[in-house]
Amino acid sequence: MRPRADEVMQSITWTFEKHIVPDLTDPLARSLCLTMSYLLRQVELRIRLEGPALHADIREARKTLASVQTLL
């Protein structure tokens, strides 16, 4: 399915940083936007990497449970 969720987050982040942040003049607003940009990038990264990490964890748990099953 296109676009993927991480691609949507990248687009949102790019639009925010290129079209909204540059027009801000208030120092507090600019600071808050830097934090928001960081958080958007973290969400994008988590979306992209969390699935494969969960699959690896599940694979490892299955191996451990199979070993325990043979012992029982």
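**Exercise 1.** In the predicted model, what separation along helix 2 do E44 and R48 have?

Solution. E44 and R48 are four residues apart in helix 2, a separation of about one helical turn. Their side chains form a salt bridge, with an N to O distance of 2.9 Å. For burial, the cut-off is under 20% relative accessible area. E44, at 9%, is therefore buried, whereas R48, at 39%, is partly exposed. Salt bridges with shared partners join E44 and R48 to R2, R4, D6 and E7 in one network.

**Exercise 2.** Classify R4 and E7 as buried or partly exposed, and give the distance between their closest N and O atoms.

Solution. R4 has a relative accessible area of 39% and is partly exposed. E7 has 19% and is buried. The closest N and O atoms of this salt bridge are 3.3 Å apart.

**Exercise 3.** Determine which helices the salt bridge between E17 and R41 ties together.

Solution. The closest N and O atoms of E17 and R41 are 2.4 Å apart. E17 lies in helix 1 (residues 5-20) and R41 in helix 2 (residues 27-71), so the pair ties together parts that are 24 residues apart in sequence. Both count as partly exposed: E17 at 27% relative accessibility and R41 at 39%.

Key
Residues numbered from 1 in each chain as written. Predicted model: local features only at pLDDT ≥ 70, side-chain atom pairs only at ≥ 80, totals over all residues. Heavy atoms only, no water. Salt bridge = Lys/Arg side-chain N within 4 Å of Asp/Glu carboxyl O. Buried < 20%, exposed > 50% of the residue type's maximum accessible area, 1.4 Å probe, protein only. Helix = DSSP H or I, 4+ residues; strand = E, 2+ residues; numbered from the N terminus.
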